[in-house]
Amino acid sequence: MDCGVPDQLTSRDIDRVIEMAWEDRTTFEAIEFQFGLSEAAVISLMRSELKSGSFRAWRKRVSGRRTKHGSTNPSNRFRAACHK
């Protein structure tokens with residue numbers, strides 16, 4: 001894979017990253033912490049794994065969404081106690 005997506009990700013890891021990326025309250029920072037993927041790498045992964053229409057719908061959904069970025073997300077509800 002390219003754009004910083006590690007080759008050692010299993011298909012199960014990829015499925016989990018996609019699931020987390022679709023979740024409204026899971027930040028890109030949480031995905032990076034768990035899988036080592038930057039926001040750009042998650043976007044690249046989503047582009048390569050999703051159908052084009054699904055990718056466009058996802059990008060439209062997450063673009064500008066405050067809850068996808070930890071620095072702008074005021075919610076501590078889904079954060080581990082050590083990250084609050």
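This is a predicted model: local features need pLDDT of at least 70, side-chain atom pairs count only at pLDDT 80 or more; totals for chains, interfaces and linings use all residues.
Is Thr 27 buried or exposed? With a relative accessible area of 9%, Thr 27 counts as buried, because the cut-off for that word is under 20%. A polar atom of the Thr 27 side chain also lies 3.0 Å from the backbone nitrogen of Ala 30.

Stepping back to the protein as a whole, its secondary structure comes to four helices and zero strands, so that, reading from the N terminus, the order of elements is α-α-α-α. There are 84 residues in the protein, and 33% of them are buried. The accessible surface is about 5,500 Å², and carbon and sulfur atoms account for 48% of that area. If we take the contacts between residues at least 6 apart in sequence, 61% of them join residues at least 24 apart.

Now to the interior. In soluble globular proteins, nonpolar side chains tend to be buried together. Here the largest nonpolar core has 19 residues, and those with the most contacts inside it are Ile 31, Phe 35, Leu 37, Val 42, Met 46 and Trp 58. At least two residues of this core come from each of helix H1 (11-22), helix H2 (28-35), helix H3 (39-49) and helix H4 (52-62).

Which residues does Ile 31 contact, leaving aside its neighbours within four places in sequence? The partners of Ile 31 are Val 17, Met 20, Ala 21, Thr 26, Gly 36, Leu 37 and Val 42.

Notes: Residues are numbered from 1 along each chain as its sequence is written. Side-chain values use heavy atoms; hydrogens and water are left out. Buried means under 20% relative accessible area, exposed over 50%, partly exposed in between (1.4 Å probe, protein chains only). Contact means heavy atoms within 4.5 Å. Accessible areas come from the Shrake-Rupley method with a 1.4 Å probe; for residues, only the protein chains shown count as cover. A nonpolar core is a set of buried Ala, Val, Leu, Ile, Met, Phe, Trp, Tyr and Cys residues joined through side-chain atoms within 4.5 Å. A polar contact is a pair of N or O atoms within 3.5 Å; within protein, one must be able to donate a hydrogen and the other to accept it, and residues adjacent in sequence count only if both atoms are side-chain atoms.
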